[in-house]
Amino acid sequence: MRDFSYLRAGSVDAARQAAALPGAMLFAGGTTLIDLAKCGVAEPETLVDITHLEGLNGIELNERGATIGALAKTSHVADHAGIKSRFPAVSEALWQAASAQIRNMATIGGNLMQRTRCPYFRDPANFPACNKREPGSGCSAVGGVTRGHAVLGTSGACIAMYPGDLAVALVAFDAIVHLGDRQVSVDDFFLLPGTTPDREHAIEPGEMITAIEIPGSAAARRSTYLKIRDRQSYEFAAASAAVGIEFEADGRTIRDLRVALGGVATKPWRARAVEDALKGKVLEPDAVRAASLLAIEGAVDHGANHYKIELAPRVVARAILKMGETA
Amino acid sequence: MTVRNIRHGDASDGALAEVVGGRLSRVDGPAKITGAAKYAVEQQLEGLAYAVLVESTIASGKVRAIDTEEAQAAPGVLQVLTPDTIISLKPASDWFGTPPPDKPYCPLVRDITFSGQHVAAVVAETFEQAVAAAALLKVSYDETPAIVDLSDAKAGDGIPIDAMTKEWGDAQAAFASAPVRICAAYNTPREYQAPMEPHGLIARWEGDHLTVWEPSQWLDGMARTYAEWFGVPFENVRLVSPYIGGGFGSKALALSHGAVAASAAKMLGRPVRLVMTRPQTFTGYGGRAATRQTVTIGADRQGKIQSIVHRGVNETSVDGMWVEPLGSVTSIMYATPNFSSRQNVVRVNSVVPGAMRAPGENPSAFGIESAIDELAYEVGIDPLEIRLRNYAEQDPEAKKAWSTRQLREAFATGAERFGWSRRTPEPRSMRDGNQLIGWGVAAGTYPVRRAYGEAIVRILADGSVEVESSSIDMGQGTYTILVQTAAETVGVPADNVVVKLGDSRFPRAGVAGGSRLAGVMTGAVYKAATSALDQLIGLAISDPRSPFHALQANTLVVANGRISSPRGDGPDVSISELLKSVGRDHIEATGDTMPANSTPEDRYKNYTTIAMALPHTEGDYSRHSWCAHFIEVRVDEDFGTVRVSRVVSALDSGRLYNPKLAESQWKGGIIMGIGQALLEEGIVDRRHGRIVNNNLADYLVPTNADIPDIEVISVGIPDLHSSVLGGKGVGELAIVGVAPAIANAVFHATGKRVRDLPITLEKLI
């Protein structure tokens, strides 16, 4: 960790301006940033502390949906009665993420900026080649230990997995990231690696996440987040699914379905093919399992992560069937 | 002591928590919970400087050059140490006391034999400055091909270790003619101790005297190594380690990072602190070696074993030797007329592996206890029943009687508490929705390792009792059981006893390893306390100033801190009052368990090496602890995830000095075994020969959510062949057999036999 200067921003505008300077980074919960600084990946010259800014930690619900301030702690959002009743998948995704200590520090805005756990990305001393860290330097992961790498959305330049849980639920329910005045859908906020894996988010210098808006829906109200992992707690997903469902009046025919995947892709992965295949159909186990296979269309494995291609559709199917049972 | 009247080492041993066998809570608990306990690197010393290690990024080759210019010029930098600039040390003998090779020792290396080897160090005024400067060192290498692991084509068959060969009967012929034959290979990966407290130390020189604050499982052994490295008398080195944040075998030896820190302190003339980062703890010293075993069993159709042929291989390093004895359980668990076990070690480019909770017995049990389960299915016999049919009534290898072996009782008690009789035998025959349920059983064992110890017991003017020993407490409860031993022996309340450990200035002790320390130290404290008590009573009877002098008694009773006559016909005074009356401010006695004719050289060797340890088969008996684990798993049929949902273990550790602490250690071993079975694996990047999951987010150990309620039951009886007070080993026993019990349960749940640990989900979907 290198020496850096510390700047306490007096306002959102001041924070944005300070963060636009070269080498400056915003500091909120610090749970990702400090970790990355310790392993030599993040080397900020200036930390712009926004933890004390007022008006950014609210959780508001109205008839349109929920608006969550960027500085709301993930544990508070997870435990919020309105979030739990109207967006159970969001609450469940947060509860199953990280540890209690980290959830008490981490913020919603910072959570969206969480970076990959790719071991090659996180060890610059031993693995200088990393296109995400040093554009054009190559990828150390391909041909290496790939059990935790992505099978969807990869490129020749990068196969690093997006590790988070919350954004998987957000992308399923068409959440919107507020960057001050500008708004971007969560799906568009996360970028595919393509040839520029160093660029992970559609956020420009001088912009700052101020809030996340989640439109309310019947599907969001009847939703779940199913996370499968090697360890029962404090562990990233081997595969996960955020699923929300709305039935027609008959209680069997699917009117609306939302499916997104975690733990398998380079970004939070909306599985619209699964949704489209089942919308208008009667919920039935075999049909659900068949449709769930569409979740991994186009998947490419790198050996040790092949199991994710088997696992992900099963997770999707289980989550959809579970939501069907709760009718 | 009323040892012989005691049957079970449970609460029936004594109603009082304060005596040996009672459930006294950890006396060091409050200090740890409140933060008052000061760990090694928390010492605040004037002039403290901070050292940071720089490690090799290749697994094999040579350091071509180290460009230190930028680092030297960085703010706060005091010193950049490289193989060229660090002082040369003398070689130290190994833990057997074997004389070292006659060449200087340098803890920073030019010849690289593994990734993560120490090549340089930076010392600065602050930790942050040292870290920043260390990143500025430019190390260039000439890289050569590495042998990355056991499966590397270049690794070969390895070196036969003849001392591991065990043969009786004609195992090959008996196998060939056996009506039922099974043969399977079992693999365990590199595993790591992962103590909560990372390795680190503060070293300070005052003239030619060195003080080292360092977490240590063996103060006297480590002090000897430091003394030999720096060519100073053993007495000049003081190791201080009152609290240790977990060791599991990894903190028993002085390691190269310690040599770096002590060298830096000497060169700088200032105390130096060096703490490994968590990633460095995966390469700075060895975890459990990766192993491979082939177990073949020949049996008759009733499941009676006729032959066992066992072949084992473990990893060692290019320039170090570690033998993980893979035939240790194989040769004693079951009666077999014909047996053959051999073992090779294979050199790979890794740090030399080291001791980790039950080295040898742990992987050995994974082989034999999986294989006997496979045999049970092959012949169609219940896995518990087949173990009883092959029960070894004596040590099949040593051909000696067991000192005690309550394994049959463990099977019976565990099975009853678990409800084993309700098990349906067919795989995949028990389920709950999507969850396949499996029940597995396996046995475990660990030899009783014995050595000698010494202690001082003082009875002070205020009537309190003080115990001193250079033995240690890394969480297993040494402080507490020695309080109990001294309190009961002298006859004072436990609150009046203070035990001081973890300073090499105190009376010496051997390694806290191999589950021997409790047996060694309770014996030493018992002897010293008995001697102090004799002095106290002697004074009370014979000193003319004593209130008991006129009584002309032969002996007196000391209980609850008071002295009285056995018949109650004399005075009743406190210890404090008696000492005052006879004009003494304390009584002191040193006690040890060494043979009476021991020379000073014997004593030094006993405490600073393991060469004097007594064989567990010495004399007429074979001494071991035993256990049986009954484990339920739930396997999700779609996801392949395995969760342990129930554990019942019955264990024979002989007499328990403190059942509460023994149960806690057993449960800790079982939890570690669950991690070994399901989660833990050092994953090597085969291109670089480097462990890539070198942190606690990627090297998974169990969380609370992974651990169900665990029931542990003591079935031991006092074993006076094993220790002075009748206990056998506790700390290592319970991990042995957990992984095979889980693997056997997974087979019962799914019909899939997983022979490679850990049992991760991709092996089951």
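What follows is a series of questions and answers on this predicted model.

Visitor: What ipTM does the predictor give the complex, and what is the mean pLDDT of chain B?
Guide: This is a predicted model, and within chain B 98% of the residues reach a pLDDT of 70 or more. Over residues 1-13 of chain B, however, the pLDDT is below 50, although this stretch has 24 contacts in the model beyond near neighbours in sequence. For the complex the predictor gives a pTM of 0.97 and an ipTM of 0.97, and the mean pLDDT of chain B is 95.

Visitor: Which helix gives the largest share of the side of chain B that touches chain A?
Guide: The contact takes 23 residues from chain A and 26 residues from chain B. On the side of chain B that touches chain A, the residues divide into 11 nonpolar, 9 charged and 6 polar. The largest share of that side is 3 residues, and they come from helix α3 (residues 127-134) of chain B.

Visitor: What covers the buried residues of α3(B)?
Guide: The buried residues in question are B:Q129, B:A130, B:A132, B:A133 and B:A134, which belong to α3(B). The elements that cover the buried residues of α3(B) include, in chain B, β1 (49-55), α2 (69-73), β3 (77-81) and β5 (118-124).

Visitor: How many bridges join β2(B) to strand β6 of chain B?
Guide: Strand β2 (residues 61-67) of chain B pairs in the antiparallel sense with strand β4 (residues 111-112) of chain B over 2 bridges, and there B:K62 has B:D111 as its bridge partner. Toward β6(B), B:G61 stands opposite B:E143. Strand β2(B) and strand β6 (residues 138-143) of chain B run antiparallel, and the number of bridges joining them is 6.

Visitor: Why do β23 and β25 of chain B each have one side left without a neighbour in the sheet?
Guide: The open sheet has 3 strands in the order β23-β24-β25 (chain B), paired antiparallel. Because β23 (557-559) and β25 (572-574) stand at the edges, one side of each is left without a neighbour, and each has a single partner strand.

Visitor: Over what arc around the axis do the buried residues of α12(A) lie?
Guide: In helix α12 (residues 285-292) of chain A, the buried residues are A:V288, A:A291 and A:S292. They are on the same side of α12(A), because the arc they cover around the axis is only 100 degrees. Among the elements that cover these buried residues are α11 (272-278) and α13 (307-325) of chain A, and the arc asked for is 100 degrees.

Visitor: Is B:S470 buried or exposed?
Guide: B:S470 is found in the loop between β21 (465-468) and α10 (478-491) of chain B. Leaving aside neighbours within four places in sequence, its contacts include B:L219, B:D220, B:D503 and B:F506. The cut-off for burial is 20 or more other C-beta atoms within 10 Å, and since B:S470 has 28 within that distance, B:S470 is buried.

Notes:
Residues numbered from 1 in each chain as written. Chains lettered and ligands numbered in written order. Predicted model: local features only at pLDDT ≥ 70, side-chain atom pairs only at ≥ 80, totals over all residues. pLDDT = per-residue confidence, 0-100. Contact = placed C-beta atoms within 7 Å. Helix = DSSP H or I, 4+ residues; strand = E, 2+ residues; numbered from the N terminus. Nonpolar A, V, L, I, M, F, W, Y, C, P; charged D, E, K, R; others polar. Pairing = 2+ DSSP bridges. Buried ≥ 20, exposed ≤ 12 C-beta atoms within 10 Å, placed from the backbone. Arc of directions from axis to C-beta.
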